[in-house]
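Please look over the sequence and the structure shown here before reading on. The report that follows goes from the model as a whole to its sheet, its helices and a few single residues.

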Amino acid sequence: MNKNIKKAIAAAVTLSIASSFAACSADGAEETVLGESSENTVITVGANITPHSEILEVAKPILAEQGITLEIVQLEDSVTPNTGVIEGSLDANYFQHVPYLEQFNLENGSDLVSIGAVHYEPFGIYAGRVTDLADLQDGAVVAVPNNVTNEARALLLLAQEGLLVLDEDAGINATVEDIVENPLNIQFEELAPEQLVAALPDVDVAVINGNYAIEGGLHVSQALAVEANDGLAAQTYGNIIATSPEHQNDPALQALVELLQGPEIAEYINNTYDGAVVPLYG
């Protein structure tokens, strides 16, 4: 990760916590950071903007009633939220699913853990130059996410729609090497997930993560195909709260997870995201 980004995140979090302490000094209230006993605990959570930060904003005032101050650090990439937890500038993050976390740990020698899943974002196939999957021609160009776990998910959706056949043992670890039948000779354009919406004019279709589709102004109702809510993906790719092993049983973080899995947050998700985000509880 870029050193300047690290410094900026650390500075922002430090300033935020310092400001909280200053405010408490002024009114006589006691406030401490995660892991310490006090009347008011501060937890700092890194999250992607949509829908993660938006959901956390709903949770923030409810947690405040429990004496927990939630500081939200908005991050748009898929690396900084984890490195922030490792380095200690973040207490937890909310942006990823367990397969991505496991792959990150494997590649980085880290040991971050999930303390609870919150919601599921169905992958969709969205129209680029082609507006109906039945119109895809030989050599069709299909854009997919370029990280291991999300590319597997994209391949599973393409297989769900009969556009290719995967080795039956591939499962959530599927790669292009596991394609056993590709009748349309699909050409895969592997792109960073946040680039997929912008790439639509240059490809026939794209398989896009739910959060990036939302940010790009797309609606799940526009998708040419969507992951089945009762399929392998829904069971596997719930978005989680992740933290370090030493903080996984911290009461403030456990309170956050309990709230995010509760009825208030489920109602907000159902009323806000038009099926592009699906609560797993509540």
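## The model and its confidence

Residues are numbered from 1 along each chain as its sequence is written, and side-chain values use heavy atoms, with hydrogens and water left out.

Over residues 1-31 the pLDDT stays under 50, and for this stretch the model has 34 contacts (heavy atoms within 4.5 Å) beyond four places in sequence. Where pLDDT is low, the predicted coordinates should not be read in detail.

## Overall make-up

The protein has 10 helices and 14 strands; these are DSSP runs, numbered from the N terminus, with helices being H or I of at least four residues and strands being E of at least two. Of the 282 residues in the protein, 51% are buried, where buried means under 20% relative accessible area, exposed means over 50%, and partly exposed lies in between, with a 1.4 Å probe and protein chains only. Among contacts between residues at least 6 apart in sequence, 73% join residues at least 24 apart.

An open sheet is formed by 5 strands in the order 10-7-11-6-12, and its pairing is mixed; two strands are taken to pair if DSSP finds at least two bridges between them. The edge strands are strand 10 (187-191) and strand 12 (225-226), each of which pairs on one side only.

Strand 11 (residues 205-208) pairs with strand 6 (residues 124-127) in the antiparallel sense over 4 bridges, and here Val 207 is the bridge partner of Ile 125. With strand 7 (residues 141-145), strand 11 pairs in the parallel sense over 2 bridges, and Ala 206 of strand 11 stands opposite Ala 143. Both faces of strand 11 are covered, with Val 205 and Val 207 buried on one side and Ala 206 and Ile 208 buried on the other. Strand 6 is also joined to strand 12 by 2 bridges, the two running antiparallel, and Gly 124 has Val 226 of strand 12 as its bridge partner.

## Helix 10 and its surroundings

In helix 10 (residues 263-272), the residues Ile 265, Ala 266 and Ile 269 are buried. Seen down the axis of helix 10, the buried residues fall within an arc of 100°, so they line one face of the helix; the arc is that of the directions from the helix axis to the C-beta atoms. The face turned away from this buried side carries the exposed residues Pro 263, Glu 267 and Asn 271. What covers the buried residues of helix 10 includes helix 2 (49-64), strand 5 (113-120), helix 9 (251-260) and strand 14 (278-279).

Asp 274 lies in the loop between helix 10 and strand 14, and its phi is near 55°, a positive value in a residue other than glycine.

## Helix 5

The 13 residues of helix 5 (residues 148-160) should span 18 Å at 1.5 Å a residue, and its end C-alpha atoms are 19 Å apart, which agrees; the expected span is 1.5 Å times one less than the number of residues. Among the buried residues of helix 5 are Thr 149, Asn 150, Glu 151 and Arg 153. Just after helix 5, Gly 162 takes a positive phi of about 75°.

## Aromatic pairs

The structure holds 2 aromatic pairs, counted when the centres of Phe, Tyr or Trp rings (for Trp, its six-membered ring) lie within 6.5 Å, with planes under 30 degrees apart called stacked, over 60 edge-to-face and the rest tilted. The rings of Phe 95 and Tyr 100 have their centres 6.0 Å apart and their planes at 75°, so the pair is edge-to-face, and both residues are buried.

The rings of Tyr 268 and Tyr 273 have their centres 5.9 Å apart and their planes at 85°, so this pair is edge-to-face. Tyr 268 counts as partly exposed at 22% relative accessibility, whereas Tyr 273 is buried, with a relative accessible area of 7%.

## Single residues of note

The peptide bond from Thr 50 to Pro 51 is cis, with omega near -5°, and Pro 51 has its place in helix 2. Asn 185, in the loop between strand 9 (179-181) and strand 10, has a positive phi near 50° and is partly exposed, with a relative accessible area of 39%.

Terms used. Predicted model: local features only at pLDDT ≥ 70, side-chain atom pairs only at ≥ 80, totals over all residues. pLDDT = per-residue confidence, 0-100.
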